[in-house]
Amino acid sequence: MTQPPHDEPTATSTEELREQVEQTRTELGETVEALAAKTDVKARAQEKAAEVKEQAAAKTGELKEQAAVKAEELKGQAAVKAEELKEQAALKAEELKAKATDLAHQAQNRLPEPVKDKAAQAAGQARATAAQAGQLWQEKAPGPIREKTAQGLLLARDNRKALLAAAAAVLVWRACRRRKG
């Protein structure tokens, strides 16, 4: 808004003069409004606060989305790793079972006949005692405990070879220690 010097006549007619006055009033009103807006600290602070609030909400939404994506990614990685570990554990268990079975066979082949006979005799006595204990157990134990015990026995029965192999290995180890000692 540039104003011409005051000594120069700018309007040639009254009509032009009125238009210039009106235009000057309009410009002056706009200037006053702009100055008033700049000096209204409360309104400017509210505008800035609203702007910052919008930005924070947008950033929060963005971060939530990123966190959800990352969580899903990590969940998938954890599932893959768990499956790998499960497979490795199963392979290792099979290896150990095979080694135990092999050691049991070696132990059985190296045992002298009297030791084998004594072991068979002890196993027979153990079976008889176990049968008596089982019968007593059936008569005296509460139902839920009997069910849990039955589940444990089924598990032991399913892994009988590994348990026998381990028992034979212990017997061989003890026999070797006695000979050395």
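**Exercise 1. The largest pocket**

Task: For this predicted model, determine how much space lies in the largest pocket, and describe the lining of that pocket by position, element and residue class.

Solution. 
1. The volume comes first: the largest pocket holds about 1,100 Å³ of space.
2. Its lining consists of 31 residues, and those nearest the centre are Ala-123, Arg-127, Arg-160, Leu-163 and Leu-164.
3. Assigning the lining to elements shows that α2, α3 (113-140), α4 (143-158) and α5 each contribute at least two residues. The largest share is that of α3, with twelve residues.
4. By class, the lining of the largest pocket comprises 19 nonpolar, six polar and six charged residues.

**Exercise 2. The second largest pocket**

Task: Carry out the corresponding analysis for the second largest pocket, and state which element gives the most to its lining.

Solution. 
1. About 560 Å³ of space is found in the second largest pocket.
2. This pocket is lined by 18 residues; closest to its centre are Leu-111, Val-115, Leu-171, Val-172 and Ala-175.
3. Two or more residues of this lining come from each of α2, α3 and α5. The element that gives the most is α5, with eight residues.
4. The lining of the second largest pocket divides into twelve nonpolar residues, one polar residue and five charged residues.

**Exercise 3. The packing of α2 and α5**

Task: Characterise the crossing of helices α2 and α5 by axis distance, angle and handedness, and list the residues that make the contact.

Solution. 
1. Two packed helices are described by the distance between their axes and the angle between them.
2. The axes of α2 (residues 41-110) and α5 (residues 160-180) come within 8 Å and cross at roughly 50°. The helix α2 is therefore oblique to α5.
3. The crossing of these two helices is left-handed.
4. On the α2 side the contact is made by Ala-100, Thr-101, Ala-104 and Ala-107, and on the α5 side by Ala-165, Ala-168 and Val-172.
5. Sorted by class, the residues of this contact are six nonpolar, one polar and no charged.

Technical notes
Residues are numbered from 1 along each chain as its sequence is written. This is a predicted model: local features need pLDDT of at least 70, side-chain atom pairs count only at pLDDT 80 or more; totals for chains, interfaces and linings use all residues. Side-chain values use heavy atoms; hydrogens and water are left out. Axes are lines fitted to C-alpha atoms, for helices over the stretch in contact, and angles run from 0 to 180 degrees between N-to-C directions. Helices (H or I, at least four residues) and strands (E, at least two) are DSSP runs, numbered from the N terminus. Angles under 35 degrees count as roughly parallel, over 145 as roughly antiparallel, 65 to 115 as roughly perpendicular and the rest as oblique. A crossing is left-handed if the near helix is turned anticlockwise from the far one by less than a right angle, and right-handed if clockwise. Contact means heavy atoms within 4.5 Å. Ala, Val, Leu, Ile, Met, Phe, Trp, Tyr, Cys and Pro count as nonpolar, Asp, Glu, Lys and Arg as charged, and the others, Gly among them, as polar. On a 1 Å grid over the protein atoms alone, a cavity is a set of points where a 1.4 Å probe fits but cannot get out, and a pocket is an open set with protein on both sides within 12 Å along at least five of seven lines; lining residues have an atom within 4 Å of a point. Grid points are joined across faces, edges and corners, and a volume is the space filled by probe spheres set on the points.
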